[in-house]
Amino acid sequence: MISIKSEEEIELLRESNLLVGKTLGEVAKHIRPGISTLELDRIAEEFIRSSGAEPGFLNCEGYPYTLCISLNDVVVHGMPSAECILKEGDIVSVDCGTLKNGFYGDSAYTFEVGSVSDDLHELLEVTKKSLYIGIENAVAGKRVGDIGYAIQAYCEAHGYSVVRELVGHGVGRELHEEPAVPNYGKRGQGVKLKEGMVIAIEPMIVMGERYVYQDEDGWSIKTRDKSPAAHFEHTIAVGKHGADILSSFEYVE
C-alpha cells in the first residue's frame, strides 16, 4: 500500500528531514581521526533530542543506536562502538533518522576522514552524483525502474558495482514504507511514480564486486571482497515536474 502525502504532510516530512540534515552537519564537525563511532552516536542523539525530536533508528526493529555508522567495507547498518576509532584515510557513511510530529526523516552521507586516496574520493564523488541523477528521474509519470536504471548506468559506466540486496523505500509515518526503490533496474519498469509519493533514494555503491554478507553482529552489511563502499541518501517528494528534496546536505557541506 503506497500512501500519497498531502502538502501539509510533506511540510511535516520536510521538517523531520531538515533536522536529519542538521544532525549530519553537527556530526560532520566531529569527524576526525581518533574519535570513536560511539561518541558520534552520542552527539547525534543529544542534538536530535535537544531539537524536540526522537532518534528515528533507535529501537527500530530492535536497533540499539541513533546512527548507522559504516566504515570502509561496511556498506550500511554499521553499529557504533567505543572500540571503533576513525583513522586518517578512512571513509565513513553516517545514516541518520529522526521522528518529529509523527513523521520520519532519513538521509545519509559518506565522509572522508582526513585525507583519503584519489580512488576513494572518486568513489564518493560518483556515488553522490548518482544520487542526484536518480533524483532527476523521480518525476510523476516515470517509474521506479527509471530511477534505478539511471543510478546503475552511471555507476557501472565508472567501473563500480551496485549492491542489489539493499534498496531505498517510501518514507512517512513509518520509517520504511512502500514502494521499494532499487538502485538498479530497467527503464519503464516497476511502480509508477505519482505526485505526493515520498521516497528515500539511496545508492549503495562499491569499488569491487557487488556481493555482500551480514556480519555476525546481526546488523552490519559488508562487501564480501572487502572493497570499500559509499552510501548517500536523500528523502524526496515526487512532483509533477521534478522532485522536491526534503533532506539537505548543505549543513554538512
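Glu 233 sits in the loop between strand E13 (229–231) and strand E14 (234–237), where strands are DSSP runs of E with at least two residues, helices are runs of H or I with at least four, and both are numbered from the N terminus. This is a predicted model, so local features need pLDDT of at least 70 and side-chain atom pairs count only at pLDDT 80 or more, while totals for chains, interfaces and linings use all residues. Residues are numbered from 1 along each chain as its sequence is written, and side-chain values use heavy atoms, with hydrogens and water left out.

Is Glu 233 buried or exposed? With a relative accessible area of 0%, Glu 233 is buried (buried is under 20% relative accessible area, exposed is over 50%, partly exposed is in between, using a 1.4 Å probe and protein chains only). Leaving aside residues up to four places away in sequence, Glu 233 touches, among others, Asp 95, Asp 106, His 169, Glu 202 and Phe 249; a contact here means heavy atoms within 4.5 Å.

Asp 95 belongs to strand E4 (residues 91–100), and at 8% relative accessibility Asp 95 is buried too.

Now for the record. An unreviewed UniProt entry carries a "binding site" annotation on Asp 95, Asp 106 and Glu 233; positions are given in the numbering used here, feature names are shortened, and such annotations may be inferred rather than shown by experiment. These residues spread over 139 residues of sequence, yet they cluster in space, with a largest C-alpha distance of 8.1 Å.

On to the salt bridges: the count is 11, taking a side-chain nitrogen of Lys or Arg within 4 Å of a carboxyl oxygen of Asp or Glu. One of them pairs Arg 14 with Asp 244, with the closest N and O atoms 2.7 Å apart. Arg 14 is in helix H1 (residues 7–28) and Asp 244 in strand E15 (residues 244–245), so this pair ties together parts 230 residues apart in sequence. Asp 244 is partly exposed at 29%.

Arg 42 and Glu 39 make another salt bridge, at 2.5 Å between the closest N and O atoms. Both lie in helix H2 (residues 37–50), three residues apart, or about one turn of the helix.
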